[in-house]
Amino acid sequence: MARQRDGMALRGLVGSVVCIVLLAGACNDSQKPQESTRPAPQVTAVAPSSAPPAALQFTDVTAAAGMVFRHEAGATGKKWYPETMGAGGGFFDYDGDGWLDILLVNGRQWPGERQEPEPTMRLYRNQGNGTFLDVTHQSGLEVPLYGMGMVAADYDNNGTQDLLITGYRETRLFRNEGNGTFTDVTPQTGIAQGS
């Protein structure tokens with residue numbers, strides 16, 4: 001029943017869009033309606049195909065793309081709640097070259113069980129040819145924290161995508177300096193997260 005209502009709503013929406021397009025085409029520069037000399041469009045119903053769709057196939061190209069990443073959940077068998085949540089990641093154009101780059105958020109070991117080197121989030125720069133380059137170290141994002149999610153947005157309105165990394169016991173805001181590096185501006189922006 002819900003699917004039928006959704007289908008009817010979609011057909012109504014498509015019909016409205018077609019009407020808007022037809023009306024727009026029938027208006028002159030002063031936006032006064034005029035009669036169109038074009039014939040009305042013919043709408044033909046297409047029956048759904050009875051043939052099964054071709055099976056989608058995916059190929060793992062992670063290594064070929066240059067991405068090496070291991071998520072650290074800090075799991076030690078104590079089954080603490082944050083260990084079950086995993087971490088996020090996202091696509092965003094950090095260097096403004098028109099190619100979507102990838103940030104993968106990471107966790108860490110719990111206090112008293114630290115490892116060397118500490119795992120950190122990883123920033124991969126899109127090379128524009130199907131491969132990515134790990135630029136975490138030079139970007140200033142090689143920061144250990146128990147991260148869980150990320151959002152990219154231009155918080156200071158300077159035209160670059162900044163990063164907010166959410167996590168267990170801390171959230172960090174990194175300002176994009178526009179030269180391939182980020183600065184942790186959490187203290188001066190007043191972002192605080194209680195423990």
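**View 1. Glutamate 177 and arginine 175 form a salt bridge.** In this predicted model, the closest N and O atoms of the two residues are 2.9 Å apart. Glutamate 177 is partly exposed, at 32% relative accessible area, and arginine 175 is partly exposed too, at 26%.

**View 2. Four strands make up an open, antiparallel sheet.** Follow the strands in the order β1-β2-β3-β4. At the edges you will find β1 (89-92) and β4 (132-134), each of which pairs on one side only. On average, neighbouring strands here are turned by 20° against each other, direction ignored.

**View 3. β1 and β2 run antiparallel.** Four bridges join β1 to β2, the strand of residues 101-104. A handy place to start looking is glycine 89, which stands opposite leucine 104 in β2.

**View 4. Aspartate 97 meets arginine 125 in a salt bridge.** Their side chains come to 3.6 Å, N to O. Aspartate 97 sits in the loop between β1 and β2, while arginine 125 belongs to strand β3 (residues 122-126), so this pair ties together parts that are 28 residues apart in sequence. Aspartate 97 is partly exposed at 31% relative accessibility, as is arginine 125 at 28%. Look for Asp95 here as well: Asp95, Asp97 and Arg125 are linked in a network of salt bridges.

**View 5. Arginine 122 and aspartate 134 are joined by a salt bridge.** The closest N and O atoms lie 2.9 Å apart. Aspartate 134 is partly exposed, with a relative accessible area of 29%.

Definitions and conventions: Residues are numbered from 1 along each chain as its sequence is written. This is a predicted model: local features need pLDDT of at least 70, side-chain atom pairs count only at pLDDT 80 or more; totals for chains, interfaces and linings use all residues. Side-chain values use heavy atoms; hydrogens and water are left out. Two strands pair if DSSP finds at least two bridges between them. Helices (H or I, at least four residues) and strands (E, at least two) are DSSP runs, numbered from the N terminus. Axes are lines fitted to C-alpha atoms, for helices over the stretch in contact, and angles run from 0 to 180 degrees between N-to-C directions. A salt bridge is a side-chain nitrogen of Lys or Arg within 4 Å of a carboxyl oxygen of Asp or Glu. Buried means under 20% relative accessible area, exposed over 50%, partly exposed in between (1.4 Å probe, protein chains only).
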